[in-house]
Amino acid sequence: MMQPINLHDYEMLAQKRLARPVWDYYQGGSDDEISLRDNRAAFARLRLRPRVLVDVNNCNTATSVLTRELTMPILIAPTAAHGMAHSQGECETIQGADAAGSGMIVSNDATRSLEDISRVSHGLRWYQLYIRTLSEARQLVKRAEVAGYQAIVLTVDTPLLSRRERDIRNKMGSFQRTYYPGAFAGNVFNSINGSIDDDERAAYAGHTLTWDIIAWLRTHTSLPIILKGILTAEDAALAVQYGAEGIIVSNHGGRQLDGVIAPIEALPEIVAAIDGQCPIYLDGGIRRGTDVLKALALGAQAVMIGRPILWGLAVGGSEGVKHVLQILQQELRSAMVLVGSPTIKHISRSLIQWT
Ligand SMILES: Cc1cc2nc3c(=O)[nH]c(=O)nc-3n(C[C@H](O)[C@H](O)[C@H](O)COP(=O)(O)O)c2cc1C
């Protein structure tokens, strides 16, 4: 077997391992997949301004996120249904995250129970919540708190599930029940993310939610509340005003509204609007250490990766997840040496060329 040396190798190897409908479910975006492609292209459009003759002998990617020490400013984004990539599902993934000194945001639509996943981890773990009903959400948040999760990530870009045409063609709903009958059993939602049924799509995650939901959530948890799926300065300002303690700039990996701005291009206006009031994270299209560097230079405190973790999991279980993270860490370190930023704190906006 080819030895993977970068994330693209993992992508190729994972495609060979996964049944077509699972591959399409993991890879795909919504509608014409414009935003999916643009997430990558937007990173490629940015150019770096390296500095030379800086002592980079002790270059180090270590950082801290919500007071936790991490070996790298890279976390695992919440993605559903890891059980379709590995028999142990998210329990396997999180062990890879721990081993690499990273951390994981566990999806509401995990294939293992949130307690099982937390039990095998000692590291950073946040719980990603979809609010489908208030009573269900209240229970999930309590369970997450008791189980040792350190933050609640509320995903706000999914009032309905977008049309993912690959899944529609593959009849993903029934496929999932065939290939992973236990999926979602540990949690509360019993049907597949990517369902072809319009009513199910519409009921996905709270199409009646408004900004007041943050105050409601605050009455049910003392954990930090982080909003995922912000793409504008306006919403970033409202997030802080309504009490969010962090935001994740994200377009759901190009899986929700097609044609939206790439997160890396939304980041500057959001950083300006937030003006240091809360940490900002970013996900979408990160495949290289230089992508991580660009996001940090533009003001993200850390980044998250989605699909590459699923590739690592499919190819090599927790070792594969760990290796994917370590490859990215190594690439980030090289990039930091080459731009003359020996620590994460040195990385600044002046590294980016404005065209
Ligand atoms: C297969 C898959 C499932 C996902 N499931 C969720 C989810 O359950 N909750 C959520 O907030 N985001 C979900 N996302 C979005 C990711 O958290 C993240 O925003 C995106 O994958 C980042 O882009 P990347 O895959 O290019 O790294 C999912 C993404 C993928 C690819």
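In this predicted model, strand S7 (residues 152-155) is covered on both faces. Ile152 and Leu154 point to one side, Val153 and Thr155 to the other, and all four are buried, that is, each has under 20% relative accessible area. Strand S7 runs parallel to strand S6 (residues 124-129), and three bridges join the two. Within this pairing, Tyr127 stands opposite Ile152.

The nonpolar residues come next. In soluble globular proteins, nonpolar side chains tend to be buried together. The largest nonpolar core of this structure has 94 residues, and Leu129 and Ile264 are the members that touch the most others. Helix H14 (residues 307-339) makes the greatest contribution to this core, giving 15 residues. The contacts of Ile264 can be followed in detail: leaving aside residues up to four places away in sequence, Ile264 touches Ala42, Phe43, Leu46, Leu282, Lys294, Ala295 and Leu298.

Several polar atoms of the protein face atoms of the ligand. A polar side-chain atom of Gln128 is 2.9 Å from a ligand nitrogen atom, while a side-chain N or O atom of Lys228 lies 3.0 Å from a ligand oxygen atom. Gly306 takes part through its backbone, with an N or O atom 2.8 Å from an oxygen atom of the ligand. On its own, the ligand has 600 Å² of accessible area, and the protein covers 99% of this.

Key: Residues are numbered from 1 along each chain as its sequence is written. This is a predicted model: local features need pLDDT of at least 70, side-chain atom pairs count only at pLDDT 80 or more; totals for chains, interfaces and linings use all residues. Side-chain values use heavy atoms; hydrogens and water are left out. A nonpolar core is a set of buried Ala, Val, Leu, Ile, Met, Phe, Trp, Tyr and Cys residues joined through side-chain atoms within 4.5 Å. Buried means under 20% relative accessible area, exposed over 50%, partly exposed in between (1.4 Å probe, protein chains only). Contact means heavy atoms within 4.5 Å. A polar contact is a pair of N or O atoms within 3.5 Å; within protein, one must be able to donate a hydrogen and the other to accept it, and residues adjacent in sequence count only if both atoms are side-chain atoms. Accessible areas come from the Shrake-Rupley method with a 1.4 Å probe; for residues, only the protein chains shown count as cover. Two strands pair if DSSP finds at least two bridges between them.
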